[in-house]
Amino acid sequence: MSPSVVEEVTLSSPRDSPSAAPKPSYSSIVQNKPSLTKHDFSVTMVDGDPIVQIPDEIFEDSAPLWDDLLIGRFPQTAPHVAKVHVIVNKIWPLGDKTVKIDAHVVDPKTIKFRIRDSAVRSRVLRRVEPETEVVTEVIPSQQDLQKDPLLVSNLLVNQREVETNGTEKNSEAETTELKENENVIAVIEKEQDDGTWHSVSPTKGHQRPKLQHVHENQNHVSPSRYTVLAMEDDTDELENQEEGEIVSKQSTELLVTSELVNTQETRPSFPRASKTMHKVVKGSVNQNTKGNQSVSGRRDWSILTNYESHRLGRIWVVWSANVRITPVFKSSQMITCSVLLEGKEEEFFCSFIYASNFVEERKILWEDIRNHHDSPLFRNKPWMLCGDFNEILDGSEHSNYDTSPFTPLGMRDFQEVVRYSSLTDLGYHGPRFTWCNKRENGLICKKLDKVLVNDSWCITFPHSYSVFEAGGCSDHTRGRIMLEAAAIGGRRPFKFVNVLTSIPQKPSLRALGKEKLGDLPKHLEEGYMKQKSKLHWMKVGDRNNSYFHKAAQVRRMQNSIREIQGPNGVVLQTSEEIKGEAERFFQEFLNHQPSDFQGMTVEELQNLMSFRCSATDQDMLTREVTSEEIQKVLFAMPSNKSPGPDGYTRLNATILALIPKKDEATLMRDYRPISCCNVIYKVISKIIANRLKVMLPTFILQNQSAFVRERLLMENVLLATELVKDYHKDSISPRCAMKIDISKAFDSVQWQFLLNTLEALKFPEKFRHWIKLCISTATFSVQVNSEQAGFFGSKRGLRQGCALSPYLFVICMNVLSHMIDVAAVHRNIGYHPKCKKLSLTHLCFADDLMVFIDGQQRSVEGVINIFKDFAGKSGLHISLEKSTLYLAEVSELNRNNILSAFPFASGQLPVRYLGFPLLTKQMTTADYSPLLDKVRSKISSWTARSLSYAGRLALINSVIVSLSNFWMSAYRLPAGCIKEIEKLCSAFLWSGPELNPKKAKITWTSLCKLKQEGGLGIKSLLEANKVSCLKLIWRLVSRQSSLWVNWVWTYIIRKGSFWSANDRSSLGSWMWKKLLNYRDVAKSMCKVEIKSGSSTSFWYDNWSQLRQLVDVTNARRTIDMGIPLAATVATVLASHRTKQHRTAIYNKIEAEIQSILQRERSEAPYIFLWRSSGDNFRQSFITKVTWHNIRDIHTHRQCSTMSKDSLFLFRYVFQASLYHVWRERNARRHGEAHSTTTRLIKLIDKTVRNRISSINDVGDHSYDNCLRLWLSTRLHP
């Protein structure tokens, strides 16, 4: 730190050092506290100036307020206040931890220090040599005020001085000499005749004034950069003056430097009519050529700018008279203020941001934000940062992210500072993108405007939110911030939560909700908050109560509806208005009957679908429900799901919980209604659903892969990848892929269409009646911010949240699949290349539809006609505006004709499909960057900052690994992607959201070992990716019933074998070639059990004891044996003649053939087996077993032969002993009384017994014998 000049503001009435005086009692402090006295005074206007008459008793018998302040001046720009604060607190107190020194910025070269300890304050002043004359103690008399140079006094009267019994007398005020270039805030003018005081404020300038000596009755100085407000009358007078120019006055003036007003505790406070610390805005604000601002129109508005930091004054802060603003920090990109609202007792900090357009200049802003976070001034204080950050925080905040994901240069820097400062994005309403370039071609939209808050803000203002609105001529949206939400609160319905069963005494249900849940024991509170936070991945009790609290708070912030736009465009904000709008919208929507609905007769459906339910299936569907079936369903329900409306008397009553579909939800249709049903209804519907889903694979077409057993989402992605692999080439035939969006899919299904479909499939009447009762007798209440609104029925729709709804919806969508296939057969639409042999027209996952056609306009028109026809029959409409066409090698004329004839958007690959990037080429860094962004967002979230080490480990094992496994289920991730994810996980595990990779104590490879081998049991992503690829190979070689498997065998493998496929062929996508690289690993895992042998490759399949014959023979195998490479086992058994060979291996093959001929064989083609454990094989693929087979086994030493209970006690006693010894060591170092050895032993004993009891209290009986064992091992005298 550069040497500074330290100047004492007041030296009178020195206080004794706390170390020298005895420690006062609490009662003595309260008794000696100054009493408050209210003084009435009036404000009058004279020549436009406010005049205040201050009573004389204010200045009598007053205590000094400035005796503990020192002013430090630096020759050059001072370091950041946080750094100065740390340094002076380490040096000046000389190790005395009881002394705290506060530091506050006055200007770039001046910092004010508050040192309450008089001994330390005197020692600091004595640190400078006397001959340097740097420090001058000035104790002026009344006559000194008349002398030159002008002395600056602290005669400003703040609110505390007016209300407290007196302040320092005028004649005894201590002053400091006004230095050149001093910053002047205001001028206090005293009329000599009548003793009245009033303020005269200069105009604002954007440069520091050059001060000259100012004499009494002559001059005052024009403004500095800290003079942020001025009266309009003064503005007119000083409009043409230069900054620093001397202005003549005819009365005694006392100049007040910025040191006296830039501190929150001592900020002068005048009556609002006479306040002159800031410039009063009367209307419009104009700027002259010299940088001064003229204000006209209103007196009750004030303004603060940063002209002194930037020549354009890029940030203007304007506020009304009922708000108190205290400037704290200014730069060219940020203004930070302390804000006190009317009627509030606690201030908060607000930083107004206008970031630079350049990445390097924004780094200065990021560093300023870090320094703010490190400053003690902001510690545990609410802090909000709002404005234009000129950078996105996440890739999804860019409009082109879905089609071309990339990471801007400055995004990582922005993410790092947000993570470092523990900031989170405040919930908002309005559009996602707040800026656009307003171009017709090449339109780009981004979310550049944000409101970021710290943890203390979320606690202090839990219902705050921001709103962004379009309007005006700017390329940015307007933004406003609401600190309180009028819509949140009120009476909430009763919900039964699991923790109620753990309360020993069971009072009434109402008493439970009102009295018990607010005061739960620690172990019960954890369970209650875990259920409320919906963190189902957290399976272990880790005392992460703060984490659960924050997770529940984040859910409340995200799902709360603070305001909504009504049907007439009016914004609704009150609770009753929002509840009324929710009830109106969903009641109208669920009872709406579309005018174009025609329905579909049973005969038409039977002509379309050939399946009929057999008598055996009918008996299975309608058989009597057993108690075992009920028990199985009930016990299979998750334990910590959302509680339903079990207080209702109606069986089928439902609460609609509104979940926003997107972050920018502004209308009621932007919320998805999730049904919370009664437990009894859940049991009934689940029993029916379990019987229904058994039949789905028999009649649901293979195009549909959702909610059907043995059909996987990843196979839709893999098949779509194969079909679009050549879309980026110019030498292909015309083709087209259509991504279709169905509007309000589940909620728009017409019941009659569903019931007719079930009748056409010959489902028994009794079963259809059960389903009709389930869907038609439901009643609804809408839950808005935990309050309920309305009670109404419905006439259409399937409830999202009901166990039956997914399967019933799939049955409805199966009709659409049949209609598309029939249209292709009738040539109303053309087949996509490589699709005709399988009659493949589309892929479907629930309501997510991808249609593949030949790229002709008539085919597009045919598809649209099918959807229109289906909408009239079922009530399900597609949203053409949200649907997208992907055209390849279509002429420009045809492309324009298609896009002009149909309201489709034209898209470019790659695109997001079912959560995966739909790629035409090998995966690149830009393709897997969304996965990395998701991982970073999970581990850097506001809630994750409160996790303990065990909680972070659980988050990695559950959430992070699950995210990666989802991608790896369909794609082989590049090694760079896996390495980056493991790097993030390692940094998060050891350092938390700080993500400091240097804090890792053990290599990640060691952590990925099993716990028995010395690791933490984290699964290696590289091994998990290998297992996922082996699973895909298993599905291929075992020929599972799958559209993707059938397509691969039809168009890629053809008549050959998977093991003989050419990896250099142009057939197949990049993912197909990755699978071929794992053939060597898969060969040792699979085996074929011969039946008829018609589908078993003689040379490539592992059907004999010799493994794959192609690997144990040489290149002359086909000549020596006389068996071609493409031969099957069946053809060899039917035509091969046994003979003797010179080579032993061929004789062994002949023996294998003879052994099969002697066995009885069935007509089944074959049975494919996969390695289980050791040399055992089974007919199913088990992921966990396969992972154990391929992983590296690490040897480990048995470190203990103790029993489970003994080992637990040994570890916990060791931890408890360390803890109490550590506490005793700290107590002794701080001078506290010593504890005896006997007391320490008792504390350790009590800690162990309490821990054992707490484990039993939460229901864990794994250590029931621990207490008995512990008591038996204690030594008795």
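Guide: The answers below cover a charged surface patch and some strand pairings, and they refer to a predicted model.

Visitor: Which residues form the negative surface patch?
Guide: The patch consists of Glu603, Glu604, Glu759 and Glu765.

Visitor: Take glutamate 765. Is it buried or exposed?
Guide: Glutamate 765 is exposed, because its relative accessible area is 61% and the cut-off for exposed is over 50%.

Visitor: Where is glutamate 765 found?
Guide: In helix α19, which covers residues 765-776.

Visitor: In what sense do β32 and β35 pair, parallel or antiparallel?
Guide: Parallel, over 5 bridges; strand β35 is residues 779-784. One of the partners is serine 781 in β35, which bridges to isoleucine 655.

Visitor: And how many bridges join β32 to β33?
Guide: There are 7, and those two strands run antiparallel. Strand β33 takes in residues 671-677, and proline 673 in β33 stands opposite leucine 658.

Visitor: Different topic. What is the strand order in the open sheet of 3 strands?
Guide: The order is β24-β28-β29, and the pairing is mixed. β24 (428-429) and β29 (478-482) are the edge strands, each pairing on one side only.

Visitor: How many bridges are there between β24 and β28?
Guide: Those strands pair in the parallel sense over 2 bridges, with β28 made up of residues 465-469. Histidine 429 has valine 467 in β28 as its bridge partner.

How values were computed
Residues numbered from 1 in each chain as written. Predicted model: local features only at pLDDT ≥ 70, side-chain atom pairs only at ≥ 80, totals over all residues. Heavy atoms only, no water. Patch = residues over 30% accessible without salt bridge, like charges linked within 9 Å, V, L, I, M, F, W, Y side chains within 5 Å. Areas by Shrake-Rupley, 256 points an atom, 1.4 Å probe, with all protein chains shown as cover. Salt bridge = Lys/Arg side-chain N within 4 Å of Asp/Glu carboxyl O. Lys, Arg positive; Asp, Glu negative; His and termini not counted. Charge placed at Lys NZ, Arg CZ, Asp CG, Glu CD. Helix = DSSP H or I, 4+ residues; strand = E, 2+ residues; numbered from the N terminus. Buried < 20%, exposed > 50% of the residue type's maximum accessible area, 1.4 Å probe, protein only. Pairing = 2+ DSSP bridges.
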